[in-house]
Number of protein chains: 2
Amino acid sequence: MADENPIRIRRAFHTVVSPTNSLLKLYRSALREGATREGWMAIEGPVIVAEALREDLAAGNAGYARSASRIRSVLVASSATEQFRDLLEQLPEDAELAQAPDAVFRSVAATVNPQGIAALVEVQPPEFVSILRQREPLLLIGCGVQDPGNLGTMMRSAEAFGASALATLKSTVSPLNPKAVRASAGAAFRLPMYAGFEEGPLFTELDHAGVRTIAADPYAPAAITACDLRGPLAILTGNEAGGLEPELSRRAESRLRIPMQPGINSINAATAAAIFLYEAARQRGLK
Amino acid sequence: MADENPIRIRRAFHTVVSPTNSLLKLYRSALREGATREGWMAIEGPVIVAEALREDLAAGNAGYARSASRIRSVLVASSATEQFRDLLEQLPEDAELAQAPDAVFRSVAATVNPQGIAALVEVQPPEFVSILRQREPLLLIGCGVQDPGNLGTMMRSAEAFGASALATLKSTVSPLNPKAVRASAGAAFRLPMYAGFEEGPLFTELDHAGVRTIAADPYAPAAITACDLRGPLAILTGNEAGGLEPELSRRAESRLRIPMQPGINSINAATAAAIFLYEAARQRGLK
């Protein structure tokens, strides 16, 4: 099939033209959902595909437990093939490479101004239990976070401040939501993420592993500045409008607030999560 | 004119019907720009108008130097008048109140799904020099921030962590941009803001007032955790993609970074500003 391709690329790739082709159907739904049914992340645009490739090539090089990201498939618009030549040439051998006429690509893309490249990435986190067994795990638990941009920003902060993982309750938007992935600026490929927990089983696992749960609660008497945030810790962070549900907050071992100017009791949800993570990292000696 | 009005409201209000009416023209452009030519903030939607009203009624009650917000004009869609009755009845006596047929209101609104109410608010900060003369001023300086949502989130964090003011260089998006105001969750009405500085004069004023300038720089050798952030302080924060311009960074008295996991050197711009402000507040003893 490579012979049919006017652009010379080391890798063979096949051309799909029918909009009802099964690969195109897969891309079309996955780019809207954020993932395929088997959980492969669907991404669109050269910046993020290049980021995924960087992670794929760097696989296993992080000095700490991180997800392994493998590019499984790349789809390019015919007219964009030459432009993305360098990137395409670096793809791993086992990644499927397909090309579609521009109009067909546009019909598959989820963005208003498609940039001619999309990919499916298998992101494999370590087993959750191995995260809990780390010496001093620090987890962020999304409880009802609705705004994917906020969740992605939390993912980025969690990675930056050395969190071990993100876990989310069912009520939280998917960490694979395309807007969350974009806002994470690459953290989605590396930070171990565990989505869709039921509340009961998650608390049970954390309890068994000896991980202390703290609830971010603006009305808590104690402030994070006055508390020890070292040791195994899970920070429960709520949704943008209402914060944590009272029942969840009660279930946590402690409730802590961020110190704020009198009369003010709320900041942006992603900002609040970052402050908790920063304070924990600071106390743990991150330099 | 109140007699012509089918809805009984204590306040008289006039009805404007022609889309070329000068008040409507004023609203139309101001809702898009974020402000009128004289700098009155243009806002849209019941949540934020109610917030502006709360600030207007609370004027001067804050225990610290804050902006004074006065509602100067409110425009409602005819069919929404009854719904906003409570709010309209609380308007200050000197606020102009106008009503427009729904279709005309829609033509004026800047949002896709207009909710039938808009307002013009005069937000008057204290004189800049009085901010600089505070005992221990803490300023956030936006240098090239482009995303209005990020700037608004920074405004919200600045208020929460007790910053004295926000100042912005010309290269930064307007703090009165509607998206910035919305993301600020009311802080735009209270936090003293000074927009559109030229770099030279701003540095001169800060220097004269003895305010130390620090640049947020991910490549700085020193981390904020290891530095004293008490005393008069201005934090320079850069744009989303490139951070601070090198020249601006050099001009600051010190360059400081946020401690992060090895290999990571960036977080969301609004998150970074919040961490600097939080750390300064923590060191100053905010509880």
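At what angle do α6(A) and α11(A) pack, and how far apart are their axes?

Analyst: This is a predicted model, in which local features need pLDDT of at least 70 and side-chain atom pairs count only at pLDDT 80 or more, while totals for chains, interfaces and linings use all residues. Residues are numbered from 1 along each chain as its sequence is written, and chains are lettered from A and ligands numbered from 1 in the order in which they are written.

Two packed helices are described by the angle between their axes and the distance between the axes. For α6(A) and α11(A), the angle is about 15 degrees and the axes are 8 Å apart. Axes here are lines fitted to C-alpha atoms, for helices over the stretch in contact, and angles run from 0 to 180 degrees between N-to-C directions. Helices are DSSP runs (H or I, at least four residues), numbered from the N terminus. The two helices are therefore roughly parallel (angles under 35 degrees). Their crossing is right-handed, a term used if the near helix is turned clockwise from the far one by less than a right angle.

From α6(A), the residues N150(A), T153(A), M154(A), S157(A) and A158(A) meet A269(A), A270(A), A273(A), A274(A) and L277(A) of α11(A). Residues are in contact if their C-beta atoms, placed from the backbone, lie within 7 Å. This contact has 7 nonpolar, 3 polar and no charged residues. In this classification, Ala, Val, Leu, Ile, Met, Phe, Trp, Tyr, Cys and Pro are nonpolar, Asp, Glu, Lys and Arg are charged, and the others, Gly among them, are polar.

Beyond its neighbours within four places in sequence, L277(A) contacts L140(A), S157(A), A158(A), F161(A), A163(A) and I235(A). In the largest nonpolar core, which has 186 residues, L277(A) is among the four that touch the most other members, together with L236(A), L236(B) and L277(B). Such a core is a set of buried Ala, Val, Leu, Ile, Met, Phe, Trp, Tyr and Cys residues joined through C-beta atoms within 7 Å, where buried means that 20 or more other C-beta atoms lie within 10 Å of a residue's own.

Key
A residue is buried if 20 or more other C-beta atoms lie within 10 Å of its own, exposed if 12 or fewer, and partly exposed in between; C-beta atoms are placed from the backbone. Two residues are in contact if their C-beta atoms, placed from the backbone, lie within 7 Å. Angles under 35 degrees count as roughly parallel, over 145 as roughly antiparallel, 65 to 115 as roughly perpendicular and the rest as oblique.
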